[in-house]
Amino acid sequence: MTIWVLIGILIKMLVVVGVTQGAVAYLILVERKIAAYAQDRIGPNRCGREIGVPFALIQPLADGAKMLLKEDVVPKYVTKPLYILAPWIAIATAMIGFAVVPFGPVGPNQIIDFQIAPNVDIGILYVLAVGSLAVYGVILAGWASNNKYAFIGGLRSSAQLISYEIPLGLSILGMVLIAGSLDMNRIMAWQSRHVWGILVQPLGFILFFTSAFAETNRLPFDLPESEQELVGGFHTEYSAMKFGMFFLGEYLHVITVSFITVILFFGGWDVPFVTSPDQSGLLWAIVKVGVITSKVGLVILFIMWVRWTLPRFRYDQLMDLAWKSMIPLALINLVMTAGIVQLVRTYWV
Amino acid sequence: MRVDDPKLKKIEPPTMSLGDRFYLPQVAAGLLVTAKHIFGVAFQDKAITVQYPEQQHVPSPVYRGVHRLNKDEEGRPKCVACMLCATACPAHCIDIVGATAPPSWPDREKYPESFVIDELRCIYCGMCEEACPVEAIELTGLYDLTGLSREEMIFDKAKLLSVFDVTRDAEPMKFTTPPPAGRPTPTQALDSPVS
């Protein structure tokens, strides 16, 4: 590895971290607007009006300032090192997932590889693995708070996250079998040459997307919040920026999951009959980055739309859905896909 | 009542259709409902909220907001410092210092030298308004009661009288005629033994 490759990777890391953090700030504004619209309200529209900024575009700055300037209460009874560590785990696990997410074309014929760690053969596995590490943040926060509500909240949140890992992983496998690779770039290239993943794996898509909602703690699966039953769940004792970090981690997860959804089931940077993996050059690179980011934006908007539509599940319904419906369905989907792929490979290819 | 009582009516939950049991069609129907609302507000200006500082909310006539001290035709406070409102107040937020009325005011014996209401302690129950025999204290429809300090929210006589000046036109005094003949005057009310 030459020094230039290293510098390139560092620049890419800075860009990805900066862009995602900024995106999170503005996504919160977008979410607040969508929430307002769904409830026949206007939403934030005043911040910055005096200085001529339209659409409350500096509201995220105000939100951030509030998070930073609020009193950061650390109760005396908490286990301090773990209490402080937990929000950092929540953010770090969400951030490191971006290492293998391709946000544009990657390949030997490209000028820039739009991926921090290109050519990772087990991209999907890596994302799933670090995504599931978020459980540590939740359970440590619940335990270190030394408060039984937070502890019970942490336990059930981790039970939820672990349960939905299973259908999440199983539903991805169908697409992996079809494309024949765990590398996200090859999966995108396969879709570009054949059809989008959602057409060959519709059931896999529904299962994946549903478990993705649960993995990112979004409604209708936002049981970790549990305001009614557990006065706030695992983050009951957190305030100011420490609470904000959990929130940030959750949003970063939403972005990662949307990227994976687009990459696995909506062709990534692919636009049918327009793009192909062989195209090279700066123009195509920009087009493809634009395509994939707009698709991701649409998926995030859809996730927000669902949030303001569906009510929250009860905890037993949540567990029933995962273990009694989604895991069997995912297994059936996986076995059928494996059989069909085997048949196709044997007789037609 | 026994479990097998024939009068017991058993209510079965409505059966779910196939679409209901798959959830997804119902989820899609729900998404359609919110989509209509989102588009309605975003593109057709269908928001139902009041945009407060620009659009003022008009409360109902019986709304109980900030107090005012009514003035009579000569511009004097109508209050006769009988302390009935302060006595009736469950939150003890009214503080009156009465003084003998000047000789030029022959219609009353006392007047309030100081009349202070702590608007932060007030629960806006309207008991003072009910208790006042001369209709001097009233609760107005002013609801945007804010202040930057606790001291700002303690209303003295001048401020309460100025509320009357502000709201006089929008909300005329509820009783402009003198109290009916049979009703005891404030002094009589105070002198009569408590039964």
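## The largest cavity

In this predicted model, α11(A) gives the largest share of the lining of the largest cavity, contributing six residues. The cavity itself has a volume of about 220 Å³. Its lining counts 19 residues, and the ones closest to the centre are A:Val138, A:Asn217, A:Phe234, A:Phe246 and A:Glu250. Two or more lining residues come from each of α3 (80-96), α5 (134-144) and α11 (240-265) of chain A.

How does this lining divide by class? There are nine nonpolar, seven polar and three charged residues.

## The second largest cavity

Around it sit 17 lining residues, with A:Val127, A:Gly131, A:Leu168, A:His253 and A:Val257 nearest the centre.

Which element supplies the largest share of this lining? That is α4(A), with five residues. At least two residues each come from α3, α4 (123-132), α6 (148-179), α9 (202-215) and α11 of chain A. Sorted by class, the lining has eight nonpolar, seven polar and two charged residues.

## The largest pocket

Now for the open spaces. The largest pocket has a volume of about 1100 Å³. Of its 31 lining residues, those closest to the centre are A:Leu321, B:Phe22, B:Tyr23, B:Leu24 and B:Val27, and the lining draws on elements of both chain A and chain B. From chain A, α9, α12 (282-307) and α13 (315-347) each supply at least two residues, as do α1 (18-22) and α2 (24-44) of chain B.

The largest share, seven residues, belongs to α9(A). By class, this lining splits into 22 nonpolar, four polar and five charged residues.

## The second largest pocket

The second largest pocket holds about 760 Å³ of space. It is lined by 27 residues, and A:Ile28, A:Asp63, A:Gly64, A:Met67 and A:Phe247 are the closest to its centre. The elements giving two or more residues here are α1 (3-38), α2 (59-69) and α11 of chain A.

What is the class make-up of this lining? It has 16 nonpolar, four polar and seven charged residues.

One helix is handy to follow while you browse: α11 of chain A. It gives two or more residues to the lining of the largest cavity, at least two to that of the second largest cavity, and two or more to that of the second largest pocket.

Technical notes:
Residues numbered from 1 in each chain as written. Chains lettered and ligands numbered in written order. Predicted model: local features only at pLDDT ≥ 70, side-chain atom pairs only at ≥ 80, totals over all residues. Heavy atoms only, no water. 1 Å grid on protein atoms, 1.4 Å probe; cavity = no way out; pocket = protein on both sides within 12 Å on 5 of 7 lines; lining within 4 Å. Points joined across faces, edges and corners; volume = space filled by probe spheres on them. Helix = DSSP H or I, 4+ residues; strand = E, 2+ residues; numbered from the N terminus. Nonpolar A, V, L, I, M, F, W, Y, C, P; charged D, E, K, R; others polar.
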